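Dear colleague,

Please find the structure below, handed over for your study.

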Amino acid sequence: MFHLASSLYTQYTKREQYNILILGLDNAGKTTFLEHIKLLYPSTTANDSKKPKHSNQEAQDGEAIRTTSDIIKSKRILPTVGQNTTTIKFESSIETHLSSQFKNINLKFWDLGGQKSLRNMWSRYFKQCHGIIFIIDSTDTERFQECYDTLIDIAHDESWIDENNGDATVNVPILMLANKQDLPQAVDLVSLKTGVFIKLVSELEATDSKLLSVSVLENQGLKESLEWLVTRLIYNKTNRMPEYK
Ligand SMILES: Nc1nc2c(ncn2[C@@H]2O[C@H](COP(=O)(O)OP(=O)(O)OP(=O)(O)O)[C@@H](O)[C@H]2O)c(=O)[nH]1
Ligand SMILES: [Mg+2]
């Protein structure tokens, strides 16, 4: 009885928090993605009533309108050596049958360095994460194979081994983002799916995964991507319980 009361209390008074890893090769756009998310959603340290500093556009008296893309472009984002973390309050912008469950959700992002020498650190985070965002530079055709191999390594890492049944397949949703679609040389989604990534579908068969096209610099597809991910995090709750904050 006490347990029931205490778990109901937790559910109604606390927010669910999901940990998301942002992975991908160096220069893919991981930090740019995170910086843009910080402009689009309120941080957990802001008051409830407080909107994000820049919902999409900001206009001040007498000032030209600055979009969030303008703000991102004015920042100097350096290659990541350690990690960047940010926790945001997720807000859904679309009505679905899950809308009621979309309330009171925090997303904690870990943006990790993508250089080859840093990738062996990633697996340390696998046990605590609820979802993965894997960012692909759609213009870097020479490194598509490396992207594919890196993704497959993640999916089959021994950190995922289920102690009960010995199964070693990733059991959190993987959202792959084909980034930099604003650039003319970017390979589009259809060509990506039929090219080097064609085997991904069968390789990740047992995994909840999706490939979407975005431009994290120009704010194309960012909110839609998070909507998909949060839906899948909720479906995967029985595998990976959220933290309550
Ligand atoms: N045109 C365009 N450029 C982008 C986009 N996303 C990122 N970039 C650029 O790509 C470069 C690398 O971006 P980062 O966000 O630093 O990449 P990263 O994945 O964090 O790289 P590491 O920290 O080294 O792992 C920067 O010059 C960005 O401005 C995009 O959607 N469009
Ligand atoms: Mg970075």
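Around ligand 1, helix H2 (residues 30-40) contributes the most to the shell, with 3 residues; helices (H or I, at least four residues) and strands (E, at least two) are DSSP runs numbered from the N terminus. The shell holds 21 residues, the closest being Gly29, Pro79, Thr80, Gly114 and Leu217, where a residue counts as near if its C-beta atom, placed from the backbone, lies within 6 Å of the molecule.

This is a predicted model, in which local features need pLDDT of at least 70 and side-chain atom pairs count only at pLDDT 80 or more, while totals for chains, interfaces and linings use all residues. Residues are numbered from 1 along each chain as its sequence is written, and chains are lettered from A and ligands numbered from 1 in the order in which they are written.

An unreviewed UniProt entry lists Thr31 and Thr80 under "binding site"; such annotations may be inferred rather than shown by experiment. Although spread over 50 residues of sequence, these positions cluster in space, with a largest C-alpha distance of 7.5 Å.

Threonine 31 is located in helix H2. It is buried, because 21 other C-beta atoms lie within 10 Å (buried means 20 or more, exposed 12 or fewer, and partly exposed in between, with C-beta atoms placed from the backbone). Threonine 80 sits in the loop between helix H3 (68-74) and strand E4 (83-90), and is partly exposed, with 18 C-beta neighbours inside 10 Å.

Yours sincerely
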